[in-house]
Amino acid sequence: MLGIPTGSPGVALPDDRRKLVTRLIVVQYLVVVVFAVLALAFWYFQVVQHEKFRELAENNHQRTLGLRAPRGVLFDRGGKILVENRDSFVISLVREHSRDIDRTIRLLARVVGLSEAEVRDTIRKHRSEPSYRPIPIVEDATLAQVSAVTAHRLDTELPEVIVERVPTRRYPADAMAAHIFGYVSEATESQLAHDGLHAGDVVGQAGFEKIYNSLLMGVDGARRVVVNSLGREIRTVEEVPPSGGRRVQLTIDYDVQRATEEGFKGMGYAGAAVVLDPNTGEILSYVSLPAYDPNAFAAGIDRATWASLNTDALKPLQDRAIQGRYSPGSTFKMAVAAAALEEGIITPDFTVTCHGGQDFYGRVFKCWRKEGHGTLDLRHAIEQSCDVYFYTLGKMVGVDAINKWATRLGLGVKSGIDLPNEVTGLVPSSQWKLAKLGEKWYPGETISVAIGQGQVSVTPVSMAVYMAALANGGKRVTPHLLRAVDEGNGWKPVPAPTDQGESGIKPETMAAIHDGLWMVVNAGGTGGNARLQGYDVSGKTGTAQVISLEGAKALKGRTDLDLRDNGWFVFFAPRDNPQIAGVVFTEHGEHGTNAALIARHLMETFFAKKEGRPLPVFKPPAPPPPKPPVRVTTPATVVGQAASRQPQAESREP
Amino acid sequence: MFERRLFYHIDLLTIIVLAVLCALGVMMIYSTTHNGPNSTLYVKQLYAIAIGVVAFGVCLAIDYRTLADNSLVFYFVVVVLLFGVLLFGTTGGGARRWIPLPFFAFQPSEFAKICVALTLAKFFDESRRGSPSMTDLAVGGAITLVPFLLIAKEPDLGTAITLLTILLGISFLAGMRMRLLGILLVVAIVAAPVAWRYALKDYQKSRISTFIDPELDARGAGYQQIQARISVGSGGAWGNGFMKGTQGQLRFLPVAWNDFVFSVFAEEQGFVGVIVALGLYLFVIVRALETARLAKDRLGAYLVLGILSAFAFQVMYNITMSAGLVPVRGYTLPLMSSGGSSMIATLAGFGLILNVRMRRFTN
C-alpha cells in the first residue's frame with residue numbers, strides 16, 4: 001500500500017489521466033524521501049548522539065550545589081572552644097539563569113544596598129568561570145540583605161539570585177591569639193594548581209589553619225537538584241552530606257593566653273610572647289601584637305581592610321614571635337655564661353671588678369651602671385646584669401664558643417614550631433662573617449656580642465626555647481601547638497615532636513645560672529616585678545637599643561620613628577622542677593621591667609588556675625606607661641639593623 | 001444524498017490512523033500541561049475532536065461535487081471572516097488571528113485552507129485540459145492571493161504560505177509545465193535576498209540567522225531550537241517514558257503542547273515512538289495520494305491534493321522543526337498539537353478526502 005503503484009493494470013488511461021497519475025507518483029516519491037530523511041535525522045539525534053544530548057538535558061535540569069564542609073573546631077588544652085563555625089549567608093548570582101544580566105545587576109545592587117559598579121566588578125573577577133557556577137556577590141550578608149533578596153525572589157523578580165548558607169569560621173573576639181590561628185580564605189590559583197583543591201575551596205592561609213589545613217578542612221558535600229527552566233529547584237536528586245574537618249585540641253591554655261594579651265593591652269605595648277611547658281615544648285600562650293581580626297578574612301576580606309593591614313606601619317600581619325628578629329640585650333648573657341663555664345674558662349666563682357666601664361682593644365665600653373658594680377662573681381653578675389663582667393667573659397671565650405653554646409641552647413636556629421614561615425635569628429661567628437662579608441672577625445666585635453648587642457638577633461620563639469632549655473637542664477624542646485586530634489572516636493593525643501637535641505650543659509653550670517636568675521627576681525636584681533611569693537620565679541630582663549645613644553641624640557626631634565628601647569623578660573618557674581617558661585618581648589617597652597609585669601601576670605594566672613584559685617586581674621603600674629607616639633614607623637626588622645650599625649653598642653640596663 | 005452503498009467504501013484504515021494520531025496528541029497535551037496553568041487543555045482538545053468528528057461527518061456526507069459547485073460561496077464567506085479578523089479579531093502572541101465566539105475563539109485562517117483548496121480544485125477542473133495556461137495560473141494565483149494577503153496581514157506568514165503550497169500542489173497536478181516550476185524556483189532564490197532586505201521583519205530575520213547559528217542568541221530565538229534538539233536527542237531509542245521527559249516537564253521547551261509537541265513526544269517515546277508516528281503520518285499521506293489517483297474525476301484528485309499539500313507541508317515542516325533542523329516557524333503539528341480550529345479544519349479536510357475516495361465508483 002505504501003509502495004508506488006503504476007496505475008490500474010489492464011486499463012488504458014487517457015493521456016492527461018496518465019500524466020496526473022505520474023505526477024502523483026512523483027509527489028509520493030518526494031514525500032517518502034522526506035520521511036525517510038526525517039527518520040534518519042531522528043535516528044542520528046536519538047540513537048547516535050543520544051549520549052551527548054542526554055548530558056545536555058541533564059545539565060539543563062540538574063544543578064550540583066556544593067555543600068561546604070565545616071572546618072574542624074579548635075579547642076584549648078582544657079576543652080574550651082577557641083575557634084568554631086557559624087552559619088553565614090552568601091548571596092550569589094548564577095549568570096546562566098539570567099535573561100537580562102544588566103537588569104539583574106541593577107535590581108540586586110539596589111536590594112542589597114551595593115553600588116552597581118561594585119557588583120559588576122565582582123562579576124568581572126569571576127568571568128572566566130563557567131556560567132552555571134554561582135558568583136558570590138555579598139559574602140556574610142546581613143539578615144536584612146537576605147530577607148530583602150528572599151522577598152524579591154518570591155516575586156520571581158530575581159530567579160538567578162541564590163542565597164546559600166555556608167559554615168564560616170568564628171574566631172575569638174578582640175583578635176585573641178590571631179597569630180596562632182592565622183586565617184582562611186578561598187584557595188588562590190597557585191594553591192589550586194598544586195594542592196588538588198577545587199575552585200572555591202576555603203583553605204588556611206596562615207598560622208595553624210595553614211599548617212594543619214588537611215586535618216581541619218574536611219570534605220565538601222554536594223546536593224544535586226532538579227531545576228525547571230526558571231532555575232527554580234523542583235526536588236533533590238541526591239545529597240552527599242559534607243564531612244566536617246577534624247576536631248583539634250591545641251596546647252594553648254585559654255586563660256594563660258588571655259592573661260598574656262591582657263598584660264600587653266594593659267601596658268599598651270606591641271610585641272610578642274611565647275610561653276611553654278619547658279619539659280614538653282607544649283605552648284601555653286603565644287602572642288604577637290598588634291594582630292588582625294581573622295574573622296575579617298573568614299567571610300571574604302574587603303579590599304580596603306586588606307590594604308590597610310598591609311600598609312599599616314605596625315605590621316599587624318607579621319607574626320613577631322616567629323618572624324621578628326630583635327637584639328636580645330642582656331637576656332643573652334646566660335648563653336655567654338654557659339659558654340664560659342662549659343669551655344672551662346671560668347668557674348662560677350670567677351670575679352671581675354666593675355668600675356662602670358673598661359677599655360677593650362683600645363676602646364672604652366661602659367657598664368649600664370656608671371658608678372660600677374664593684375667586684376662580683378658570676379651569680380651576682382647575672383643578678384646585677386653587669387656589662388663589664390660579660391665584656392670580660394666575651395673577650396676570654398671568643399665569638400665562636402659563644403656561637404656554639406648559644407646555638408645549642410636554641411638561639412640563631414629555627415625552633416621547629418608547627419607554624420608556617422618561621423625565620424632564623426643570628427648568633428654571629430667568625431665563620432659566618434667570613435662567608436657573609438668575606439672579612440675576618442675582629443675580637444673587638446665580640447665585646448658587644450657578649451651583652452646581646454651588635455650582630456646578635458633572635459626571634460622571640462627561639463628565646464622561649466632557650467629559656468626552656470635553661471629550665472629543664474639543657475634539653476632543646478620543640479615548641480608545638482597540636483595536642484590531640486579527634487578522628488571521630490574521641491581525643492587521640494598527638495605525640496610531641498622529637499626534641500631538637502641536648503645541649504650537653506653540665507648540671508653545675510645550670511645550677512650557677514639558675515642561682516643568678518633566681519636572684520634577678522627574688523634578690524637585688526632587675527626582675528623584681530615578676531616576683532611571685534612561693535613560686536621561685538627565675539628570670540632575666542633585657543633592654544635592647546633600637547639605635548645607639550649617639551644616633552638617638554642626633555635624630556632627636558627630627559624623626560617620627562619610635563626610638564624607645566625594646567624590653568625583654570625571659571623566665572621560668574618554679575626554679576626547681578619548672579612548669580612554665582617563656583619570653584615576653586615588648587616592642588619599645590623601654591625596659592625589661594615592664595615586660596616582667598606581663599610575665600608575672602601570666603605566671604600568676606597559670607598557677608592560680610592550676611591550684612584552683614580565682615584568676616588574677618591585671619593591674620597596670622600606677623603611672624600608666626606613656627602611650628606610644630601616634631605615628632610609629634619603625635619596622636621590626638629594622639631594629640636589628642639599627643643596632644648592628646653601631647658596633648659599640650652600650651647596654652642601658654638600670 | 002448518502003446512499004447506503006457508499007457506507008461500505010468509507011476508508012476505515014485512515015479513520016483509525018487519524019484516531020490514533022489524535023489520541024497521541026491528547027496524550028502529549030496532557031503530559032506537557034498537567035503540571036502547569038493550562039492543565040485542562042486536553043479537555044479542550046477532546047471537545048475540538050468531537051466537533052471535528054461532526055465536521056468530518058458533514059464533509060464526508062455531502063458529495064464533494066456539490067460542495068465544489070458552491071466553492072465560491074465558501075470562499076467569499078472565508079474572505080469576509082478574514083476581514084473580520086483584521087477588524088475585530090483578538091490578539092495572541094503578537095498576532096490578530098482569532099474571532100471570539102461564546103465558548104471558544106475561532107481561527108478562520110485554518111478554514112481558509114479548505115476553502116482555497118476547494119475553490120482552486122473547482123477552478124482548475126473547469127479550465128482547459130492539458131497544461132494550465134498562464135491566464136489560468138494568474139487567476140489561480142489571484143484566488144490564492146486575496147486570503148494570503150489577509151492572513152499575512154494578521155500577521156501569520158506561516159499559515160499564509162501553506163495557501164501557496166495548495167496552489168502549487170493543485171497547479172502541479174493540473175499539468176503546470178515543469179519549465180514554469182523551474183522558473184518559479186529561480187525567482188524564489190533571487191527574491192530571497194530582496195525579501196530579506198525589505199519584506200522580513202526583524203524578528204523573522206533573527207529567527208533565520210539564529211537558525212544558522214543558534215548560539216548567537218542562546219537565550220532568545222536560538223533557545224527553542226537548541227532545546228528542541230536536546231529534547232529529541234535525550235529521548236534516545238526508547239524514550240524517557242510518558243510524562244517523564246525533563247525537557248518538556250520542566251518547561252525548557254516553550255509551548256511544548258503546541259509548536260513543539262513532537263519534540264516532547266520524541267523525548268518521552270524515543271526513536272521507536274518517532275518511527276511509529278512518522279509511519280502513521282506517512283500512511284495517511286500516501287493513502288490520500290492513492291485516493292487522488294483513484295479519484296473518479298479530476299476535481300476529486302485536485303481537491304485531495306490541495307488539502308493534502310497544506311497538511312503534508314505542515315506535518316513535514318513541524319517535525320523537521322521539532323528536531324531543530326529548520327528555523328522556528330509557528331507551524332503546529334496537525335492532529336497532535338493543541339488547537340481547536342486546526343483540529344476541526346484538519347478533520348473536515350480528511351472528511352473531504354475520504355469523501356472523494358468513497359465516491360470513486362459513483363457517477
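Two residues are in contact here if their C-beta atoms, placed from the backbone, lie within 7 Å. With that in hand, welcome to a tour of a predicted model.

**Helix packing in chain B**

Let's start with helix H6 (residues 108–126) of chain B, whose axis comes within 8 Å of that of helix H15 (residues 340–358) of chain B.

From H5(B) come Ser71(B), Leu72(B), Phe74(B), Tyr75(B), Val78(B), Leu81(B), Leu82(B) and Val85(B). Their partners in H6(B) are Pro108(B), Ser109(B), Phe111(B), Ala112(B), Cys115(B), Leu118(B), Thr119(B) and Lys122(B). This contact has 12 nonpolar, 3 polar and 1 charged residues.

How are these helices oriented? Angles under 35 degrees count as roughly parallel and those over 145 as roughly antiparallel. H6(B) and H15(B) cross at roughly 15 degrees, and are therefore roughly parallel to each other. The table puts the two pairs side by side.

| Helix pair | Axis separation | Angle | Handedness |
|---|---|---|---|
| H6(B) and H15(B) | within 8 Å | roughly 15 degrees | right-handed |

**Where the chains meet**

How many residues does each chain bring to the contact between chains A and B? Chain B gives 38 residues and chain A gives 33 residues. Helices of chain B that each supply at least two residues to its side are H8 (157–173), H11 (221–235), H12 (246–249), H13 (261–294) and H14 (298–322). The largest share, 12 residues, comes from H13(B). By class, the side of chain B that touches chain A holds 23 nonpolar, 10 polar and 5 charged residues.

Chain A has 24 helices and 23 strands, while chain B has 15 helices and 3 strands. In chain A, 48% of the 654 residues count as buried; in chain B, buried residues make up 51% of 363. Among contacts in chain A between residues at least 6 apart in sequence, 74% join residues at least 24 apart. For chain B, residues 24 or more positions apart account for 71% of the contacts with a separation of 6 or more.

Helix H16 (residues 387–397) of chain A has 9 of its 11 residues buried, so it is largely enclosed by the rest of the structure. Among the buried residues are Tyr389(A), Phe390(A), Tyr391(A) and Leu393(A). After H16(A) comes Gly398(A), with a positive phi near 90 degrees.

Why does strand S21 (residues 538–544) of chain A count as largely enclosed? In S21(A), 7 of the 7 residues are buried, so the rest of the structure largely encloses it. Ser538(A), Lys540(A), Gly542(A) and Ala544(A) point one way from the strand, and Gly539(A), Thr541(A) and Thr543(A) the other way. S21(A) pairs with strand S22 (residues 566–573) of chain A in the antiparallel sense, over 7 bridges. Within this pairing, Gly542(A) stands opposite Trp568(A) of S22(A).

Terms used: Residues numbered from 1 in each chain as written. Chains lettered and ligands numbered in written order. Predicted model: local features only at pLDDT ≥ 70, side-chain atom pairs only at ≥ 80, totals over all residues. Helix = DSSP H or I, 4+ residues; strand = E, 2+ residues; numbered from the N terminus. Nonpolar A, V, L, I, M, F, W, Y, C, P; charged D, E, K, R; others polar. Buried ≥ 20, exposed ≤ 12 C-beta atoms within 10 Å, placed from the backbone. Axes fitted to C-alpha atoms, helices over the stretch in contact; angles between N-to-C directions. Parallel < 35°, antiparallel > 145°, perpendicular 65-115°, else oblique. Left-handed = near helix turned anticlockwise from the far one by under 90°. Pairing = 2+ DSSP bridges.
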